[in-house]
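The report below describes selected local features of one protein model. Please read it alongside the sequence and the coordinates shown here.

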Amino acid sequence: MRFINSYAHLPEVFFQRIDPEPAAAPSLIRLNRPLADRLELDLPGNDADLAALFSGNRLLPGSAPIAQAYAGHQFGQFVPQLGDGRAHLLGEVVNGQGERFDIQLKGSGRTRFSRGGDGRSPLGPVIREYVVSEAMHAMGIPTTRALAMASTGQPVFREAELPGAVLTRVASGFVRVGTFEYFAARRMEDAVRQLADHVIDRNHPAARKADNPYLALFEAVCEAQAGLMAKWMCVGFVHGVMNTDNTAVSGETIDFGPCAFIDHYDPEVVFSSIDHFGRYAFNRQPSIMAWNLACLGGCLIPLLDEDEARAHKAGEKVLEQFIPAFTDHYRQGLCRKIGLPGDDESFNLARRLLDLMRRDGTDFTNAFRALSAAQTDPAPFAGLFAPDEEIRAWLDDWRARLALTGAADTARETMRSANPAFIPRNHRIEQAIRAAEHGDFTPANKLIEVLRRPYDDQPENAEYAAPPRPEERVEQTFCGT
Ligand code: AMP
Ligand code: MG
């Protein structure tokens, strides 16, 4: 295995060269073998060596760890200096197919960017990120991935004493909107250009061939994020802290802090304990992403055109396409969830269903999954709604539309591949975390296994598809810093 360190070849202002801080008594919790195989990592065979590797106690040959500099808008407020305060980018690897991956430890000790923090992570957020990021991947949603988790064997002190852990995560790139903001705020135009070139090479190579590569880069990021937002909205994912430093320019979901999944459908739902004004509510995510992309566009202005007015105009034109592009993806995605082609009439029908779900507090995931079988047996689906005329009328209209569009034969398969049976339900994650904190990783491992096949029925694991009982409901999630 060979590490490349292309980010470390950028000028020194981009990062701090720093090794992880060793953990006191590391032990491996879990290694993601399929991902390790895809990366073609040449890993040691025994758990002690793996634990040393995935806690940062031992470095692979050729790795030159760095902490990346970035800034960001947090809840709308600009913070000029954030950066990897507890993460170390080990380097990048390229597999035989030419796929390139960044490998990063999180919770691996202090860096120049730690500000007041201890550089560490409690076990709970490590479990949450592993479970949710891998589930997102299995559902077909662009995301950073989890390669391993290891206990550090040393406590971290938050409101209480908690076990510490390190997550090893993998991305096609860890550059954030906030990375651009770091240099733009310092008026370091050359650095913005170097960063843009790096991101074009790494994540959006087609932009290089365009007449205006930087404008094409901006378009590519907007397009990737429009697709991503549609995918989030179609599975009921609430990121919870969509600050610009938690927005990757690769278009991958990143930083699973207070994230959560909708159980009963409530478009305005907010889970994060620190999101007091609902800035990052479920249904605000696309417009917040537009806001974040406007921040990115602002950073790129000097690169877009030598004439500032023209640069603004070009950037705004791209940005104006974001909500229409999102809506297009969302219309396609939501229509697939009801087995129909992505036309406006089908879209309206799907949204009528969402209205009924909202009215009745229906479980979002289970309603769509039950609909996948409703052509033959509508009773389980209809049973999730109030027993009145409206859901029957909706089913009649749906059947008529299936017939009219000629989708009736393919609808079941379309729906089964668009509507997961299993999502990382908040209460299951909580249970897995509580058990792990008491040294029992069985529930976390089981949850991870179930969520590897979200679109399979898995009748033996039916309890993982069940919504929370009232006493199991998770109303609030926490950042995990
Ligand atoms: P996050 O909320 O995880 O996205 O982190 C926001 C910022 O705080 C980033 O710059 C992190 O690196 C930093 N940070 C979060 N937790 C810690 C910690 N325990 N020690 C040092 N820095 C941290
Ligand atoms: Mg973050």
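Four cavities of 30 Å³ or more are found in the structure, which is a predicted model. The largest cavity has a volume of about 90 Å³, and 14 residues line it, with Phe 3, Leu 53, Phe 54, Leu 60 and Leu 90 lying nearest its centre. By class, the lining of the largest cavity divides into eleven nonpolar residues, two polar residues and one charged residue.

The second largest cavity has a volume of about 60 Å³, and its lining is formed by Gln 225, Leu 228, Trp 232, His 239, Met 242, Asn 246, Thr 247, Ala 248, Glu 252, Thr 253, Ile 254 and Met 289. Helix α6, which spans residues 213–235, gives the most to the lining of the second largest cavity, with three residues. In this lining six residues are nonpolar, five are polar and one is charged.

## Magnesium site

Asn 246, one of the residues that line the second largest cavity, is also a donor to the magnesium ion (ligand 2). The protein donors of this ion are Asn 246, through OD1, and Asp 255, through OD, and they lie 2.0 to 2.1 Å from the magnesium ion. Both Asn 246 and Asp 255 are buried.

## The largest pocket

The largest pocket has a volume of about 740 Å³.

Helix α3 and strand β10 (161–171) each supply at least two residues of the lining of the largest pocket, and α3 gives the most, with three residues. The lining of the largest pocket divides by class into twelve nonpolar, 13 polar and twelve charged residues.

## The second largest pocket

About 480 Å³ of space lies in the second largest pocket, which is lined by 22 residues, those closest to its centre being Pro 125, Glu 159, Phe 478, Cys 479 and Gly 480. Helices α3 and α15 each supply at least two residues of this lining, and the largest share, four residues, comes from α15. By class, the lining of the second largest pocket has nine nonpolar, seven polar and six charged residues.

## Arg 128 in helix α3

Helix α3, which contributes to the linings of the largest pocket and the second largest pocket, spans residues 123–138 and contains Arg 128. Arg 128 counts as buried because its relative accessibility is 7%, and the cut-off for buried is under 20%.

Leaving aside residues up to four places away in sequence, Arg 128 touches Ser 133, Phe 256, Gly 257, Cys 259, Ile 429, Glu 430, Ile 433 and Thr 477.

## Packing of α15 and α16

Two packed helices are described by the angle between their axes and the distance between the axes. Helix α15 (residues 426–437) packs with helix α16 (residues 442–450) at an angle of about 145°, and their axes are 7 Å apart. On the α15 side the contact is made by Arg 428, Ile 429, Ala 432 and Ala 435, and on the α16 side by Pro 443, Ala 444 and Leu 447. The residues of this contact divide into six nonpolar, no polar and one charged.

Ile 429, which takes part in the contact with α16, is also among the residues that Arg 128 touches.

Note on methods
Residues numbered from 1 in each chain as written. Chains lettered and ligands numbered in written order. Predicted model: local features only at pLDDT ≥ 70, side-chain atom pairs only at ≥ 80, totals over all residues. Heavy atoms only, no water. Donors = N, O, S within 2.8 Å, 3.2 Å for Na, K, Ca; no water. Buried < 20%, exposed > 50% of the residue type's maximum accessible area, 1.4 Å probe, protein only. Axes fitted to C-alpha atoms, helices over the stretch in contact; angles between N-to-C directions. Contact = heavy atoms within 4.5 Å. Nonpolar A, V, L, I, M, F, W, Y, C, P; charged D, E, K, R; others polar. 1 Å grid on protein atoms, 1.4 Å probe; cavity = no way out; pocket = protein on both sides within 12 Å on 5 of 7 lines; lining within 4 Å. Points joined across faces, edges and corners; volume = space filled by probe spheres on them.
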